[in-house]
Amino acid sequence: MGAIRDKGRQLHQIERVPYEDAFLIGDLLSTRITTLAGEPKAGKTLLAAGMGIALINSEKEFLGQPVLRKLDHIVFGLTDDGAPEELKERLHGAVPADSVTLFPVEDPGHSGYWPGIVDDLIDMQPGLFVLDNIIGALAPGEDIASSVTAQRIMRSLKPISQAGVPVLLVTHTPRDRQKARPSPRRLSEAARSRLIPGQ
């Protein structure tokens, strides 16, 4: 028999997860693994920071969607040069200083790197792990457009969400697709002021 007959299930055979349990922010950020992708400088980190502020401050809504739970702690794994300072500037005064942990992600390509991060996150049990960005977290020689790389990343991160820590993956659109697309739309000033108070 094939995979469909062996493992396929009809909707009535699948356990229903209530909406409030499936999302941190309704229809935007799930309680499992969510990918936020877009062109460079389109505002992905700004959006992730805004989500974090809404979750930590237990706001009622974020961009018109319900914030479904309050988080006490978020961990950001950052790959870009200057990213910790940039994120601190965005979050400074908007959330308690001890509610966010930042660490550099630099995958050296050895097999123990991601299991160590998984163990730390399982031990810390933050309300959310944000990896910003996937491209910077690739091991030497890996290509983000490769299905093998995508499978490795998901295998590395799946144990985090299975342990009850939601994951937000931030990534750039692959370069060959960017050439064919029009220039990115920027977040309007009104949206920026809504995402990050005081801007």
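Q: What makes the crossing of helix 5 and helix 6 left-handed or right-handed?
A: This is a predicted model, where local features need pLDDT of at least 70, side-chain atom pairs count only at pLDDT 80 or more, and totals for chains, interfaces and linings use all residues. Residues are numbered from 1 along each chain as its sequence is written, and side-chain values use heavy atoms, with hydrogens and water left out. A crossing is left-handed if the near helix is turned anticlockwise from the far one by less than a right angle, and right-handed if clockwise. The crossing of helix 5 and helix 6 is right-handed. Helices here are DSSP runs (H or I, at least four residues), as are strands (E, at least two), numbered from the N terminus.

Q: Why are helix 5 and helix 6 called roughly parallel?
A: Helix 5 (residues 113–124) and helix 6 (residues 147–162) pack at an angle of about 25 degrees, with axes 8 Å apart. Axes are lines fitted to C-alpha atoms, for helices over the stretch in contact, and angles run from 0 to 180 degrees between N-to-C directions. Angles under 35 degrees count as roughly parallel, over 145 as roughly antiparallel, 65 to 115 as roughly perpendicular and the rest as oblique. The pair is therefore roughly parallel.

Q: What makes a space a cavity and not a pocket?
A: On a 1 Å grid over the protein atoms alone, a cavity is a set of points where a 1.4 Å probe fits but cannot get out; a pocket is an open set with protein on both sides within 12 Å along at least five of seven lines. Lining residues have an atom within 4 Å of a point. Grid points are joined across faces, edges and corners, and a volume is the space filled by probe spheres set on the points. By this rule there is one cavity of 30 Å³ or more. The largest cavity holds about 50 Å³, and its lining includes Trp114, Arg152, Ser156 and Leu157. The largest pocket has a volume of about 370 Å³.

Q: What is the peptide bond from Asp132 to Asn133, cis or trans?
A: That bond is cis, with omega near 10 degrees. Most peptide bonds are trans.
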